[in-house]
Amino acid sequence: LSTGEVLKNLNKFYKRKEIQRLGAENGLDARLFHQAFISFRKYIMESSSVSADLHIILNDICCGFVLLGHVDDLFPFFLRHAKQIFPMLDCMDDLRKISDLRLPPNWYPDARAIQRKIIFHAGPTNSGKTYHAIQRFLSAKSGIYCGPLKLLAHEIFQKSNDANVPCDLVTGEERLYASEDARQAPHVACTIEMCSTNTPYEVAVIDEIQMIRDLARGWAWTRALLGLCAEEIHICGEPAAIDLVTELMYTTGEEVEVRNYERLTPLTVLDYALESLDNLRPGDCIVCFNKNDIYSVSRQIEARGLECAVIYGSLPPGTKLEQAKKFNDPDDPCKILVATDAIGMGLNLCIRRIIFNSIVKPTVNEKGEKEIDSITTSQALQIAGRAGRFGSSFKQGEVTTMHRNDLAQLKEILSEAVPPVKAAGLHPTPEQIEMFAYHLPDATLSNLIDIFVSLSQVDGMYFVCNIDDFKFLADMIQHIPLNLRSRYVFCTAPLNRKEPFVCTTLLKFARQFSRNEPLTFDWLCRHTKWPLAAPKNIKELVHLEAVHDVFDLYLWLSYRFMDMFPDAVLVRDIQKKLDDIIQIGVCNITKLIRASQSAAAPGTAEVVSEDFPLSKTKKDARVISDRHGAASTEALSIAVEAAGLRRAKNLRPSQLGSRQEDLKSYGRGSLANRLLREGLLTQEMLRQLESEWQDQHRNGRYGFGSKRDDQHRSKETGKKRK
């Protein structure tokens with residue numbers, strides 16, 4: 001057969017509307033139809049021979065025997081091939097029923113069997129909404145508190161027991177009982193993922209309900225809202241979630257009572273920016289959105305003879321609490337706080353003034369892509385609202401920006417209404433995935449999830465949460481022999497996939513688990529090289545934080561596989577010791593930064609790596625201007641400059657002057673920082689550019705033109721910057 005004729009007729013087959021319609025009737029949507037055709041065409045074109053019946057059909061079509069052959073006759077062969085690469089086509093009806101997510105209230109028959117009273121406490125930060133809900137929780141015969149953070153759950157656990165209301169603590173990594181004999185107390189404070197939908201309570205409190213829209217964790221709030229078996233459900237959060245909660249409760253036949261609260265202390269947006277760290281006052285908190293800025297700003301503050309506390313997301317909870325305690329203590333000389341948006345919830349802080357170092361931050365969009373954009377109104381209000389907390393020494397709060405040109409935009413952001421929450425998150429359950437696996441026994445867990453999401457049906461009030469982290473872990477441990485339920489549990493482990501050490505350790509955990517060999521305390525100490533010393537530089541501090549995450553991971557798994565992770569008590573003890581070591585490092589963070597800079601070498605910028613390596617940015621993302629570079633690139637630029645000046649010692653005297661000027665321009669300008677933060681340049685690319693630049697100077701070349709051209713461009717750039 002003529003390959004050209006065969007290819008022409010196959011493409012003709014693909015374009016026919018009748019064939020596409022037949023494909024859709026047999027479960028092939030446009031995406032699957034396209035993939036199946038590509039595979040089918042490749043099979044025919046690259047096979048040395050095909051089945052006799054298919055060869056006869058192709059021969060009749062290619063030879064133009066109209067009465068004997070037509071391209072539509074290829075469809076049975078195409079469908080047979082499609083079912084080989086997409087086995088779910090044979091059981092599509094069953095799979096569609098399993099992945100039908102249109103009626104989540106029906107998943108919780110125990111909650112539907114009672115008539116629940118729903119009370120929505122709506123208000124801004126520092127309005128007392130959660131306080132009133134907790135008072136009802138404490139007065140009830142039994143109750144459950146569901147919060148977004150371990151710190152919040154621990155705070156309620158502490159408050160309840162201090163008020164002589166026996167209360168247990170349940171988080172993913174920890175179980176604490178109010179009674180010494182470990183009997184279950186009538187009250188429990190838990191992280192929201194850990195709440196029980198089978199235990200009956202008199203009162204339930206669901207905190208920060210607006211997080212039901214969260215692309216990764218929203219499903220946990222949906223599950224709690226629809227599934228908790230409590231006579232009263234007290235919901236706390238932003239007014240933006242009222243309409244969605246009311247609609248969701250309408251589907252369960254339950255009415256929502258709304259109680260509105262106003263802020264208890266005034267919050268003022270100042271008419272002037274800070275502009276210089278020389279203008280800091282006691283009670284100030286500078287909010288940054290990445291570790292580079294945290295390191296840089298804290299170093300500059302201490303260079304002015306001031307002490308500052310430091311709080312960011314990857315610090316252990318104990319270290320965060322100690323830093324908060326240090327900042328709040330009126331007798332402690334530490335009066336300044338440098339923090340990320342981790343202070344937005346979970347910590348009680350005596351802040352007079354919030355200062356936004358920047359109003360852009362990395363985010364994750366609906367597709368799981370990371371991008372830079374201005375902070376949302378909800379985020380800005382949550383952070384700004386931490387100033388002037390009711391009951392603190394500051395009777396009113398203030399908010400401003402570090403840079404003058406940001407202030408107008410911050411005022412605009414804070415003045416806008418928070419967009420209403422449109423939809424609630426959902427996530428496939430282990431039971432649903434097991435039913436899928438029964439129909440598709442040869443599919444990997446990652447493929448099962450993909451098929452589930454592609455077939456799932458949701459109505460307008462729900463969305464399927466982002467499952468990229470789940471799929472990442474599923475692909476990572478796919479080669480390890482585990483049963484489906486165990487594999488699912490490992491894939492839901494709470495870890496940061498940007499931490500190579502933590503991911504590698506999870507892989508080792510899974511491999512040891514698959515051999516049915518218990519992961520003992522000695523095994524863990526050997527793999528983490530415990531005991532560990534206090535950090536001498538930033539890189540070592542970051543590693544200690546990763547080891548703390550590994551201990552968290554062990555504890556999390558120990559509550560799911562107690563016999564395979566038997567030494568939770570011992571691990572918790574060394575985790576507390578590690579927390580103390582990290583606290584020492586954070587208290588001396590500026591010394592660690594200086595040590596990192598003094599050891600600077602080509603590429604040392606990775607020591608202060610970004611929290612969020614960006615893969616993609618929005619086309620209309622706000623350009624980060626030069627004023628941000630002055631502070632946020634300080635640590636990076638000094639490291640680059642120090643390394644460059646050492647290399648400059650080897651240059652000829654005639655080159656040294658221009659070389660130093662080049663380095664100043666390169667290191668202290670904001671271009672490198674802008675490109676890094678916008679995701680257009682990675683640390684690896686930066687190192688490569690340094691290397692190429694050094695080679696060009698060594699060989700007397702200037703890359704894109706003559707030395708005169710470079711000097712001309714330098715002058716033009718200088719004019720633009722001025």
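## Helix packing and an open sheet

In this predicted model, helix α16 (residues 430–439) packs against helix α19 (residues 484–491) at an angle of about 135°, with the two axes 10 Å apart. Helix α16 is therefore oblique to α19; angles under 35 degrees count as roughly parallel, over 145 as roughly antiparallel, 65 to 115 as roughly perpendicular and the rest as oblique. Axes are lines fitted to C-alpha atoms, for helices over the stretch in contact, and angles run from 0 to 180 degrees between N-to-C directions. Helices (H or I, at least four residues) and strands (E, at least two) are DSSP runs, numbered from the N terminus.

| α16 | Pro430, Glu431, Ile433, Glu434, Ala437 |
| α19 | Leu484, Arg485, Tyr488 |

The model also contains an open sheet of eight strands with mixed pairing, in the order β4-β3-β5-β2-β6-β7-β1-β8. Strands β4 (175–176) and β8 (256–260) are at the edges with a single partner strand each, so one side of each has no neighbour in the sheet. Two strands pair if DSSP finds at least two bridges between them. Strand β2 (residues 143–147) pairs with strand β5 (residues 187–191) in the parallel sense over five bridges, and Gly147 has Thr191 in β5 as its bridge partner. Helix α8 (residues 129–139) lies across several strands, including β2 and β5, and runs at about 160° to β7 (229–237).

Residues are numbered from 1 along each chain as its sequence is written, and side-chain values use heavy atoms, with hydrogens and water left out. Local features need pLDDT of at least 70 and side-chain atom pairs count only at pLDDT 80 or more, whereas totals for chains, interfaces and linings use all residues.

Definitions and conventions: Contact means heavy atoms within 4.5 Å.
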